[in-house]
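Here is a short briefing to read alongside the structure. Keep the view open as you go through the points.

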Amino acid sequence: MTLDSSGPGPVDVCSWIGGYPFREIPHPEAAILARVVLPREGFSGAWVGHLPGAFQRDPASSNEALLKSIESYRDILEPAPIVRPDWPGWLATLTWAVEHGAPAVRIYPAQWGMVAENPRLRELALACGELGLALHVTVRFEDLRQRHFMDVASDVSAALLRGIARIPGSRCHLVVSGAGRELIEETHWGLTPEEQSRVWYDFNWLWGPPEDSFAHLVRTLGAPRLTWSSYWPLRLAQQCRSLTTLLPDDLLANGAVESLADGRIIASSARSAGVAGSATSNRQDV
Amino acid sequence: MFDRDHLLIDAHAHFHTPFTNRVDWEHYNNSRLAAGRRIGVRCHVASVLGSWGHTSPTYFASPDDQTRANDWMFDFAGASNGEIRAFVAVNPNYTRHALSEIERGFAAGAIGVKLAAGRRADDGLLDEIATVAAQYDAPILHHVWHHRQRDWPNQDASDGLDLARLALRQRDTRFIMAHIGGGGDYTHSFAAAAGIDNLVMDLSGSGIDRGMLDLAIERVGVQRLLWASDITMCTGLTKLLALSHAGLSTDDLAAIRWGNAVRIFPRGAFAHLADERADVASESPTG
């Protein structure tokens, strides 16, 4: 999956529209993302979240705003609404997400104060697997060193990620954005091969040369576990392109870039693994 | 004559040595140089901070460690055929040693002074170092933690205001505020540096916030920004790519890529990058 013109570009698994409470971000509008940023940077589509909703209690208004904002750009933007599993009606929201063509739903456990053993997260993960929806986790929005004094949420822990991936019988496809090398390795190598096969890591926050964390993980985890993103509008959208441009020659020659995952690949796999409709059969929506 | 559209100078780079904390130091250095060639960097202006913590703390390097690091850096730059130029790095707590290292460094070809976080930037200990740097017509690259609101481990970090106070005291010295993407709130530093013409900023650091470059251009100005990568060349490339969409003129883009560096560093420091003329200072699009 590449950004060049040889085929359809990758589908970005992590972008948002809407404002951010802790600093000004230019142009968080859907139109800019859909008609300027993604085409310019070689992405063929994006999973889009609604950024304000990450900091609100009830996600309903945020999800409605998301759908309304992207309705004119559904050729390139796919909704990734928020599903908060400790909120009444969450299973109905999940079904609503499927009905509106969402490839994934987003959770913000750090902002919600959820820890690794939270049973609601496990329920949500199981339901996502059954409905063929990917479950997207944002580890962080910003670097720890620059956070606003009111931004007190921690980063999502590897223990929480492992906890979701280890659920017995789960078909949940987990996508992790905002993780650095250590968090990715602590998660990946703490899973069985079967569990590993259902987890993808957005490589936007890995370092290239001279530290070469990205190249290291391409060699050890393998490119298919790593997925493209833009992180728009919080970060400059060119970072994944830079990282792939700077991969060592041997990895470029061996097709590492073409082997990277993207939203299209993950969504297809999640849909194939899911059994639509079964999620509602034995769960209580409370 | 400079290739104004393609020339690129990395004004903030680092290398490791056999005496630092990495067994893979040669791989690390080679990776930087290979990435630089792919990005189009024609010259890395680099330093080594003591032993990088191996035998004394990175930001409080012992005199012996810093001398050994500088020796290695001068030799490495000297053997690079102009691909690398050196900063002389010093710990200002050992002022006599620092001044002698600066003298030795410029004799060995250094083109700037590197100060990290061994002492707050507005401390009086730095004045003599700043005065000497001006005598060599050389800038001081100073590590900054933007909007420092508490003490951080292993460093006496300065923030934009600390460095601004030094720059206002030492108007004949040129200062480079390190890495606007290097941690903390860069908007605080943009405000702190307002109107201080002898204080410029480099764009390096791992931070690639959307809006960072736009604000730097708006509030600091293209004449006071230098492209650089520090220890994450991927984010350096990202900022370089993003700059091409920032609405800058060709001259302004060239100023950030290399022209401001030609103006800030000693006259002739990058003469080897010009194809035809030895006197390159006048070639700067901003000079």
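E24(A) sits in the loop between β1 (11-17) and α1 (30-41) of chain A. The model is a predicted one. It scores ipTM 0.94 and pTM 0.95.

**Two residues of chain A**

- E24(A) and L234(A) are 210 residues apart along the chain, yet their C-alpha atoms are separated by 9.6 Å.
- R219(A) belongs to helix α9 of chain A.
- R219(A) counts as partly exposed, because it has 15 C-beta neighbours inside 10 Å.
- The C-alpha atoms of R219(A) and L251(A) are separated by 8.2 Å, with the two residues 32 apart along the chain.

**Helix α7 of chain A**

- Which residues of helix α7 (residues 181-188) of chain A are buried? They are L183(A), I184(A), T187(A) and H188(A).
- These residues cover an arc of only 120° around the axis, so they lie on the same side of α7(A).
- An α-helix has 3.6 residues a turn, so residues three or four places apart point the same way.
- The cover over the buried residues of α7(A) includes α6 (158-165), α8 (193-196), β7 (199-202) and α9 (213-220) of chain A.

**Where the chains meet**

- Chain A gives 24 residues to the contact, and chain B gives 25 residues.
- On the side of chain A that touches chain B, 11 residues are nonpolar, six are polar and seven are charged.

**Helix α8 of chain B**

- Of the 11 residues of α8(B), 10 are buried, so this helix is largely enclosed by the rest of the structure.
- Among the buried residues are M233(B), C234(B), T235(B), K239(B) and L243(B).

**Helices α1 and α8 of chain B**

- Helix α1 (residues 25-39) of chain B packs with helix α8 (residues 233-243) of chain B at an angle of about 10°, and their axes are 11 Å apart.
- α1(B) is therefore roughly parallel to α8(B); the cut-off for that term is an angle under 35 degrees.
- From α1(B), the contact uses R32(B), A35(B), G36(B) and I39(B).
- From α8(B), M233(B), G236(B), L237(B) and L240(B) meet them.
- By class, this contact of α1(B) with α8(B) has five nonpolar, two polar and one charged residues.

**Helices α2 and α3 of chain B**

- Helix α2 (residues 63-78) and helix α3 (residues 95-107) of chain B pack at an angle of about 10°, with axes 11 Å apart.
- That angle makes α2(B) roughly parallel to α3(B).
- P63(B), Q66(B), T67(B), N70(B) and F74(B) in α2(B) meet H97(B), E101(B) and G105(B) in α3(B).
- The contact of α2(B) with α3(B) has two nonpolar, five polar and one charged residues.

- Chain B has a mean pLDDT of 94, and 96% of its residues reach 70 or more.
- Where in chain B does pLDDT stay under 50? This happens over residues 276-283 of chain B, for which the model has 17 contacts beyond four places in sequence.
- Where pLDDT is low, the predicted coordinates should not be read in detail.

Technical notes
Residues numbered from 1 in each chain as written. Chains lettered and ligands numbered in written order. Predicted model: local features only at pLDDT ≥ 70, side-chain atom pairs only at ≥ 80, totals over all residues. Axes fitted to C-alpha atoms, helices over the stretch in contact; angles between N-to-C directions. Helix = DSSP H or I, 4+ residues; strand = E, 2+ residues; numbered from the N terminus. Parallel < 35°, antiparallel > 145°, perpendicular 65-115°, else oblique. Contact = placed C-beta atoms within 7 Å. Nonpolar A, V, L, I, M, F, W, Y, C, P; charged D, E, K, R; others polar. pLDDT = per-residue confidence, 0-100. Buried ≥ 20, exposed ≤ 12 C-beta atoms within 10 Å, placed from the backbone. Arc of directions from axis to C-beta.
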